[in-house]
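Visitor: I am new to this structure and would like to learn how to read it. May we take a few features in turn?

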Amino acid sequence: MAKEKNVKRLIRLHVYNTILPVSIDPDEEENYRNAAKMVTDTVNRYAEVSNGKNSITSLLYMAMIDIALKYEQEKQKQDTDNLKNILTAITAEIEESLGNKV
């Protein structure tokens, strides 16, 4: 019997002080749980630093900015890494080509 690809699983994610029901692809459960933990940890860090001076909404916005910034930095790093790999390959081809002519 073929396994259906569109089968979803309903899980409950604990994110900061909320339980969220989420329908997910079972293969992605660990990623969802890790993401929820990252959000919770980030909000907790901001809550600890603010000592109750910020609303939960402000804490969530700060956490979103923090996580989005990390995402953007990683994206730029990957773009740079890809460019370095291409340049290394081109340089190797040029050096090999020049080496064969000498």
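Predicted model: local features only at pLDDT ≥ 70, side-chain atom pairs only at ≥ 80, totals over all residues.

Visitor: What is V22 in contact with, beyond its neighbours within four places in sequence?

Guide: Setting those neighbours aside, V22 is in contact with R9, L10, I11, L13 and Y32. Of these, I11 and L13 also belong to the core with V22.

Visitor: Is D66 buried or exposed?

Guide: D66 also has its place in helix α2. The cut-off for buried is under 20% relative accessible area, so D66, at 13%, counts as buried.

Visitor: Which side chains make polar contacts with the side chain of D66?

Guide: There are two to point out. A polar contact of 3.1 Å joins the side chains of D66 and R45, and another, of 3.0 Å, links the side chain of D66 to that of Y46. If residues up to four places away in sequence are not counted, D66 touches T42, R45 and Y46.

Visitor: How should I read residues that are apart in sequence, and how many residues separate H14 and K37?

Guide: One compares the separation along the chain with the distance in space. H14 and K37 are 23 residues apart in sequence, and their C-alpha atoms are 7.9 Å apart in space. M38 and V15 are likewise 23 residues apart in sequence, with 8.9 Å from C-alpha to C-alpha. H14 lies in strand β1 (residues 9-15), whereas M38 lies in helix α1 (residues 29-50). M38 is partly exposed, since its relative accessible area is 43%.

Visitor: What else can be said of the surroundings of H14?

Guide: H14 is partly exposed, at 46% relative accessibility. Apart from neighbours within four places in sequence, H14 is in contact with I19, A36 and T40; A36 is one of the core residues.

Visitor: Where is Y16 found, and what is its phi value?

Guide: Y16 is found in the loop between β1 and β2. Its phi is near 55 degrees, a positive value in a residue other than glycine.

Visitor: What is phi of N51 near, and is N51 buried or exposed?

Guide: Phi of N51 is near 50 degrees, which is again a positive value in a residue other than glycine. N51 has its place in the loop between α1 and α2. Exposed requires over 50% relative accessible area, so N51, with 60%, counts as exposed.

Terms used. Residues numbered from 1 in each chain as written. Heavy atoms only, no water. Helix = DSSP H or I, 4+ residues; strand = E, 2+ residues; numbered from the N terminus. Buried < 20%, exposed > 50% of the residue type's maximum accessible area, 1.4 Å probe, protein only. Contact = heavy atoms within 4.5 Å. Polar contact = N/O pair within 3.5 Å; in protein donor to acceptor, adjacent residues only side chain to side chain. Core = buried A, V, L, I, M, F, W, Y, C linked by side-chain atoms within 4.5 Å.
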